[in-house]
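I open these notes on a structure that is new to me. I begin with charges and rings, then turn to confidence and aromatic pairs.

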Amino acid sequence: MSNNELQRELSNRHIQLIAIGGAIGTGLFLGAGQTIALTGPSILLTYIIIGFMLFMFMRGLGEMLVTNINFKSFADVTNKYIGSFAGFVTGWTYWLCWIITGMAEVTAVAKYVSFWFPHIPNWISALFCVLVLMSLNLLSAKLFGELEFWFAIIKIVTILALIVVGAIMIIMAYDTQFGHASLSNLYNNGIFPKGVNGFLMSFQMAVFSFVGIELIGVTAGETKDPTKTLPKAINSVPLRILVFYVGALAVIMSIIPWNAINPDDSPFVRLFALIGIPFAAGIINFVVLTAAASSCNSGIFSNSRMIFGLSNQKQAPPYFASTNKNGVPHIAIFVSCALLMIAALLNYIVPNATLVFTYITTVSTVLFLAVWALIIVAYINYTKRNPEAHKQANFKLVGGKYMGYIILIFFLLVFCLLFVNEVTRTAVFLTPIWFVMLSLMYLRYKKVARTQGK
């Protein structure tokens, strides 16, 4: 059936829910406790600022993908508008991003499994999760879309239920061990109880919460009607952020004061346990477990497609360009999942899953920022080279290249903030090793290409 070509099997509803599912993962469900502890109620402002910037970022990426539907992913975009080295760096760095992020998601799955089965070692749960997701990804893009659709539905229904139940508790001034549920808990100790420093420190983990928002840019090659579907999915981003991030966390902090939230636990599980329903915490634990598995599933999908595209560009080993009878890049999936199993090893070496999660997310944030920055540089170059195409585009980034520069400065500021915290600073110092390795890999592929050209 397949001649090493991807199949356009993802419909509008698949893309819409993949976009939502990709942006709602462990960063919100597991990382929210840490970000709230760092900054208090001002975390809501953090999410609004980052959400706005990333919406503008997605408008720019969407404009380029819709203008040229031959682009299979954003690695093709940076390849065209910056150069082959930029495309190479984007593709391979994004691949590593999702390997690292997948490790974080698998670690979160292990943590949630231990809620029910504390006697099962984290590494066994992590290994089992990788094997199951690998099997599912080997079937078809349509099945992947279907799975993500239902995974995302579970997340959406849960967050909406949390908001509705929480709103009723606030209206009724529900009495808990922390006092009465009230919106006043959001400002009783000031909006910035940890000062400006605490507010700025929240950006690293909050940015990680949005990792996956760019996933729409990887599905471009398998979307049925990209010129209509991609803009719809991108335009729904602001509402998603306001409801799922700002709305949910505002409700949580109104019921459980921010300074009573344990940074090592999920505030979602804690809130539903407060209601008094014996199985409520178990239900939410199941939901956040599926959220983490879903996000990891999306990572395996994007990983395999990215390395497939690199292989087609002669920037990865040729066998990664092969697909099975279902049009799925199976070898790319096998290799990516084999590397994901490192997460199982990490969980074996470091039993503290939260510590593993913190280190992994830090490295991932640095790399994602690099990829996002390259995409915006590509957008700025696109507007300069194709001013007419930008002017006539039906779907575009408002402000064009000027907004592109603002987004780029914002990414740079977030990157600079990573130097302040000791843990994140270590990760920043480690990342140049990756880019040196990439440069050497690129030179090798260029040499091979020249040899074959002769």
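A charge sits over a ring if NZ of Lys or CZ of Arg is within 6 Å of the ring centre and within 35 degrees of the ring normal. With that rule I looked up Arg444, which lies over the face of Tyr445 at 5.5 Å from the ring centre. I also noted Lys80, whose charged end sits over the ring of Tyr81, 5.8 Å from the centre of that ring.

Confidence came next, since this is a predicted model. I read a mean pLDDT of 82 for the chain, with 89% of its residues at 70 or more. Confidence is lowest in helix 2 (residues 26-29), at a mean of 66. It is highest in helix 18 (residues 400-417), at 93. I keep in mind that where pLDDT is low, the predicted coordinates should not be read in detail.

I then searched the whole structure for aromatic pairs and found 25. I looked at Phe57 and Trp372, a tilted pair with 5.8 Å centre to centre and 45° between the planes. Phe57 lies in helix 4 (residues 43-67) and Trp372 in helix 16 (residues 353-385), so the pair ties together parts that are 315 residues apart in sequence. I noted that Phe57 and Trp372 are both buried. Ring pairs link them into a cluster whose members include Phe203, Phe410 and Phe411.

From that cluster I picked Phe410, which is found in helix 18. Is Phe410 buried or exposed? Phe410 counts as buried because its relative accessibility is 10%, and the cut-off for buried is under 20%. Leaving aside neighbours within four places in sequence, I found Phe410 in contact with Ile49, Ile50, Met53 and Phe203. Phe410 and Ile49 are 361 residues apart in sequence, yet 9.9 Å apart in space, C-alpha to C-alpha.

Terms used. Residues are numbered from 1 along each chain as its sequence is written. This is a predicted model: local features need pLDDT of at least 70, side-chain atom pairs count only at pLDDT 80 or more; totals for chains, interfaces and linings use all residues. Side-chain values use heavy atoms; hydrogens and water are left out. pLDDT is the predictor's confidence in each residue, from 0 to 100. Helices (H or I, at least four residues) and strands (E, at least two) are DSSP runs, numbered from the N terminus. Rings of Phe, Tyr and Trp (its six-membered ring) pair if their centres lie within 6.5 Å; planes under 30 degrees apart count as stacked, over 60 as edge-to-face and the rest as tilted. Buried means under 20% relative accessible area, exposed over 50%, partly exposed in between (1.4 Å probe, protein chains only). Contact means heavy atoms within 4.5 Å.
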